[in-house]
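Thanks, everyone. Let me put the structure up, and then I'll walk you through it.

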Amino acid sequence: MTVRLDQLPPLQAHQRLREGNLRLAIGPVVVSVGSRLGEFAEWMLQLYGHYPVLPTSGFSDFHIRLERPRTTRRWWRSQVCFLLDGEEPFKPLPLSHACAFFEWGLNWCIAERLQEYVIVHAAVVERDGRAMVLTGPPGAGKSTLCAGLMVRGWRLLSDELALLDPERGWIQPVPRPVGLKGASIEVIRGLAPQLVMGKPIEGTGKGTVAHVRAPDADVERAHEPARGSCIVFPRYEAGVALRVAVREPALVLRGLLDAAFNHPVQGERAVHGLVDLVECSSAYDVRFADLAKACQTLESLVTTEREGSRALAC
Amino acid sequence: MVTPFMLSPAYPRYAPGTVAWRIPHGLAPVFREVGGVTVVHNPESGDTHFLAPAGADLLARLASGEVLTVDTLPQPEFGTQTGSGDVLRELHLLGLAEPFHP
């Protein structure tokens, strides 16, 4: 029987975190997490409380520890270090950024090490087995749209990294907290006050960030992949009217190649996988300011396509 | 006599007929069609390029093992700016074609 983190006795959960053997199953990866930081422990329980905890012994893809440095910065202008398998791949950040550091560091680990997938910088949501890939540069509104669709009942597959299995044409879920920045934090809080959101972290390199807990059902369904059927290139611009335009397939592929982290490493496999994804998906450029309207329009576009394909199948 | 200038990628633009073109040894580019555009992946460099129809046709001929010379190249149509020499030079810059002296 699978045990969730929030089902462990709190003392045991904290102890395992301190000892670095809190092994969490996050989609296709197993992460051993360790830290003696109290605030980080609380944040983990709040945002990862519903993730399956695995026994202490066994293979973990990543061993991550977040600790204070062993220098004067342990006490003076306190910092936090991100340790991956005992190595420190990044410079320390202010202690108050520990939770965001964990998320960013884990993104990097997945993008760097999960080479069986073609990894695209994109959020992915799914409904009725059809995945919608939201890709674009940072600040384009991917996570905001993703959270908006999640609130409307779409299943969260990923907020940051689309893991495409090029042979099977599936997108592998890796549901994790949705990272929101700046004004989008209040937008999502206003839209769905029932969502569990971590404490906003101010003054990071990306401004103020906050993370929304992934829905329980989506974490439980983390082993159910979905097929891509729609690719969206969102662009948030304050005050603009909603504009949706069909994107040409070659430009869609160009956008995906630009957003793919490991396309040169995967080579031919990535090209075939991404071209197959483009061929079986509709694609849109969406310029928006009003989140609710954008979500509604995307939903109706996907519904129309689904009904169209059903009619063709009949 | 072969001068350094003759070996430069720019040479065939000025003296067509003296240089032939072939696919670099061992290179097997990957082709896919996307919405009427040819996408080619160079497995040596790891780069992926989008080719216009003229470039895609020439690269397909090179990839099939054909050696292209001025006699076998399509002649530019009246009024077009880009001749086959320019297309081949572009393919050369992408590492997908190489000039040589037969």
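**Salt bridges, a histidine and an interface**

Let's start with one residue. A:Asp216 is partly exposed, at a relative accessible area of 28%. For the terms: buried is under 20% relative accessible area, exposed is over 50%, and partly exposed is in between, with a 1.4 Å probe and protein chains only.

Some ground rules. This is a predicted model, where local features need pLDDT of at least 70 and side-chain atom pairs count only at pLDDT 80 or more, while totals for chains, interfaces and linings use all residues. Residues are numbered from 1 along each chain as its sequence is written, chains are lettered from A and ligands numbered from 1 in the order in which they are written, and side-chain values use heavy atoms, with hydrogens and water left out.

Back to A:Asp216. Which residue does its side chain meet in a salt bridge? The partner is A:Arg4, at 3.5 Å, N to O. A salt bridge here is a side-chain nitrogen of Lys or Arg within 4 Å of a carboxyl oxygen of Asp or Glu. A:Arg4 sits in strand E1 (residues 3-4) of chain A and A:Asp216 in helix H6 (residues 216-220) of chain A, so the pair ties together parts 212 residues apart in sequence. Helices (H or I, at least four residues) and strands (E, at least two) are DSSP runs, numbered from the N terminus. A:Arg4 is partly exposed too, with a relative accessible area of 22%.

That pair belongs to a group. A:Arg4, A:Asp6, A:Arg213 and A:Asp216 are linked in a network of salt bridges.

Now look at A:His50. You'll find A:His50 in the loop between H2 and strand E4 (52-54) of chain A. Buried or exposed? A:His50 counts as buried, at 3% relative accessibility. A polar atom of its side chain lies 2.6 Å from the backbone oxygen of A:Ala214. Setting aside neighbours within four places in sequence, A:His50 is in contact (heavy atoms within 4.5 Å) with A:Arg4, A:Asp6, A:Arg213, A:Ala214, A:Pro215, A:Asp216 and A:Val219.

Two further pairs in chain A. A:Glu67 forms a salt bridge with A:Arg36, and the closest N and O atoms are 3.7 Å apart. A:Glu67 lies in strand E5 (residues 62-67) of chain A, and A:Arg36 in the loop between strand E3 (29-35) and helix H2 (38-48) of chain A, so this pair ties together parts 31 residues apart in sequence. The two ends contrast. A:Glu67 is buried, with a relative accessible area of 11%. A:Arg36 is exposed, at 57% relative accessible area.

The other pair is A:Asp85 with A:Arg113, a salt bridge with the closest N and O atoms 3.2 Å apart. A:Asp85 is in the loop between strand E6 (79-84) and strand E7 (93-94) of chain A, and A:Arg113 is in helix H3 (residues 98-113) of chain A, so the pair ties together parts 28 residues apart in sequence. A:Asp85 is partly exposed, with a relative accessible area of 35%. A:Arg113 is partly exposed as well, at 40% relative accessible area. Over all chains, the count comes to 23 salt bridges.

Zoom out to chain A. Its secondary structure comes to 10 helices and 18 strands. The radius of gyration of chain A is 20 Å, close to the 20 Å that the globule rule gives for 314 residues, so chain A is as compact as a globular protein of that length. The radius is taken over C-alpha atoms, and the globule rule is 2.2 Å times the number of residues to the power 0.38. The C-alpha trace of chain A spans about 60 × 40 × 35 Å along its principal axes. Of its 314 residues, 52% count as buried. Among contacts in chain A with a separation of 6 or more, 71% come from residues 24 or more positions apart.

Last topic: the interface. How many residues of chain B are in contact with chain A? There are 11, and they are in contact with 15 residues of chain A. Chain B and chain A bury about 1,100 Å² between them, 69% of it on carbon and sulfur atoms. Buried area is the accessible area (1.4 Å probe) that two parts lose on being put together, summed over both. In chain B, B:Arg32, B:Val34 and B:Phe50 lose the most area to chain A, together 49% of what that side buries. The count between the chains is 2 salt bridges. In one salt bridge, the side chains of A:Asp276 and B:Arg32 meet at 2.8 Å, N to O.

How values were computed:
A polar contact is a pair of N or O atoms within 3.5 Å; within protein, one must be able to donate a hydrogen and the other to accept it, and residues adjacent in sequence count only if both atoms are side-chain atoms.
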